[in-house]
Amino acid sequence: MSVVEVRHLSLSRGGSPVLRDVSLAIEKGEVFMRIGPSGSGKSSLLRCLNRLEEPPPGSVFFNGTDITTRPVTEICCRVGMVFQQAAMFPGTVGDNVAYGPAMRGETLPPERVRELLDMVALDDPGIAEKSAAELSGGQAQRVTIARALANDPAVLLLDEPTSALDPIATRAIEETLLGLRDRIGLTLVWVSHLVDQARRVGDRVLLLNEGRVVRIASAGEMLDPELGDERALAFANGDEAGLNGDQRGSDHGRAE
Amino acid sequence: MDVLNELGDALANLNDLPRIGLALALVAIAALISRWQQADLETDLLTASVRGFVQLIAVGYLLELVFNQDSPLWTTVLLLVMIVIAARTSGRRGKQTPRATWIALASIGVGSVLTLAILVIAGVFDYVPDAIIPIGGMIIGNAMTTASQVMNRMSDDLLEGRNQIESMLALGATSQQASLIQFRRALRNAMIPHIDTTKTVGLIKLPGAMTGMILAGASPLEAVQLQLIVMYMLVGAVTFTGLIAAYLTYRAFFTGAHQLKPLRPLPDAG
């Protein structure tokens, strides 16, 4: 059984369709990428998978269960999410990590907080007691990953988790996330605008055009390094002309 | 016919017009200064002065009528009209808040009525128009400011803190847990000015009710005692109204399934 399954999902925002009849299945331990530029509505699909946005009933399934039949607070624990901007909550790093369990009235033992911080390579002694407001961008993003892991999720939704970070921090976060996939079998659904990143970390890549699935293929197949980044990105967004550089932008008539 | 007779009597009571005219001279001076400094406020000043005059004289007559009727029904009707006007005014201020007028109506209405009810039941004031209307006016006026402040502060903070709130929701927090910071901040923001006023009362300026009573010939001690009642009751009214407004505003921003409603188009909409 697939961990996440989407069946005929259509979604409109402000009267205009964002997703049209999208169906896909994501397997356990997979890194499933969706790449595309900002403004392509690529977050909407992700936000439906943990009910941050409401999908129509019978369109999104987690371990075979229609997520709209379960409480949102329960789905959010099983399907964690990391955002583009790492929003730190008031308090210490430890408070941040323990936030999810605390909202359910549970206290996360300090050993578990340290263990989670270790898992995201934040192993300086005393980091748990540090004020969360003092962290660098890369450290803060690590805390948001540890914070999501505290809920013991099966899936992590990653909404451009490295786009606010420098290249070194980006590579380090990628390593951490892939390490988590290998160590605890975490499934990653990853939205990115970087073709390079998709090549480095992705198992499969989703190609949507105007909200419709055009193709789902292995990252190697779809993002051939022989293709330039720009053309690969255009292709990943369903712009067929992207494959034929000479035709691009000629009579395509699509306003960007 | 009674009503007409009373109106006639009331007209005869407009014997302070010369003094009002003299006070108006200050507005004329202000207009001259505005013209001299090219502040371009003469028309505004004129409109405001005329409007203020007509409004207050009309209210004066209305109050004369209601006071002379001395009927609980008319008193109640007037209070309700005041609440509706306050709710509409406040609702127009809270543009970003969904259903702002209804939130204002509910919070101002319940906050004011509750405060008045406690005062009347406790026997602090009788339910007679010459006590209830001015006291109600003060309560409703303050409740109105509070409702606007709470709605504005909270909707600004909820929109601004969207990222943090959604991060909390994504960790399994309920909408109430995720908006707790904004809820508390809005409530504190509305209550602090009243608490500060209560702390420094008399030291910085004499409050309105007291000033009015002293001008009307009451002894300072009498005035002070009434002012204390007014201050305490306003703290109560502001707290009730603020609490209800904050609760309803938070509810208006979330779905029943703990999702923050997309009010503005999200950055990646498309």
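This report describes strands, helices, salt bridges and cysteines in a predicted model.

Local features are reported at pLDDT of at least 70 and side-chain atom pairs only at pLDDT 80 or more, whereas totals for chains, interfaces and linings use all residues; side-chain values rest on heavy atoms, without hydrogens or water. Residues are numbered from 1 along each chain as its sequence is written, and chains are lettered from A and ligands numbered from 1 in the order in which they are written.

## Strands of chain A

Helices (H or I, at least four residues) and strands (E, at least two) are DSSP runs numbered from the N terminus, and two strands pair if DSSP finds at least two bridges between them. Strand S1 (residues 4-13) of chain A pairs with strand S2 (residues 16-26) of chain A in the antiparallel sense, over seven bridges. These strands, S1(A) and S2(A), form a hairpin with two residues between them. In the turn, Gly14(A) has a positive phi of about 60°. S1(A) is also antiparallel to strand S4 (residues 60-62) of chain A, to which three bridges join it. Glu5(A) stands opposite Ala25(A) in S2(A) and opposite Phe61(A) in S4(A).

An open sheet of six strands in chain A has the order S6-S7-S8-S3-S9-S10, with mixed pairing. Strand S6 (79-82) and strand S10 (212-218) of chain A stand at the edges; each has a single partner strand, so one side of each is left without a neighbour in the sheet. From one strand to the next, the twist averages 20°. Within the sheet, strand S7 (residues 155-159) of chain A runs parallel to strand S8 (residues 187-192) of chain A, with five bridges joining them. Val155(A) has Thr187(A) in S8(A) as its bridge partner.

Two helices of chain A lie across strands of this chain. Contact means heavy atoms within 4.5 Å; axes are lines fitted to C-alpha atoms, for helices over the stretch in contact, and angles run from 0 to 180 degrees between N-to-C directions. Helix H6 (residues 137-149) of chain A lies across S6 and S7 of chain A and runs at about 170° to S6(A). Helix H7 (residues 167-184) of chain A lies across strand S3 (31-35), S7 and S8 of chain A, at about 155° to S8(A).

## Helices of chain B

Buried means under 20% relative accessible area, exposed over 50%, and partly exposed in between (1.4 Å probe, protein chains only). The buried residues of H5(B) include Ile103(B), Ile108(B), Leu116(B) and Leu119(B). The buried residues of this helix pack against helix H4 (72-93), helix H6 (129-160) and helix H11 (220-253) of chain B. Gly123(B), with a positive phi near 80°, follows H5(B). Among the buried residues of H4(B) are Leu78(B), Leu79(B) and Ile83(B), and what covers the buried residues of H4(B) includes helix H3 (42-69), H5 and H6 of chain B.

Asp157(B) is placed in helix H6 of chain B and counts as buried at 9% relative accessibility. Apart from neighbours within four places in sequence, Asp157(B) is in contact with Gln182(B) and Arg185(B).

## Salt bridges

A salt bridge is a side-chain nitrogen of Lys or Arg within 4 Å of a carboxyl oxygen of Asp or Glu. The whole structure holds 19 salt bridges over all chains. Three examples follow.

| Pair | Closest N to O |
|---|---|
| Arg204(A) and Glu30(A) | 2.3 Å |
| Glu115(A) and Arg112(A) | 3.3 Å |

Arg204(A), in strand S9 (residues 204-209) of chain A, and Glu30(A), in the loop between S2 and S3 of chain A, are 174 residues apart. Arg204(A) is partly exposed at 25% relative accessible area, whereas Glu30(A) is buried at 9%. Arg51(A) is buried at 7%, and Glu54(A) is partly exposed at 34%. Glu115(A) and Arg112(A) are separated by about one helical turn because they are three residues apart in helix H5 (residues 110-119) of chain A. A network of salt bridges links Arg13(A), Arg47(A), Glu53(A) and Glu166(B).

## Cysteines

With a disulfide taken as a pair of cysteine sulfur atoms within 2.5 Å, the whole structure has zero disulfides over all chains. For Cys48(A), the nearest cysteine sulfur is that of Cys76(A), 12 Å away; for Cys76(A), it is that of Cys77(A), 7.0 Å away. Cys48(A) is buried at 0% relative accessible area, and Cys76(A) is buried at 1%.
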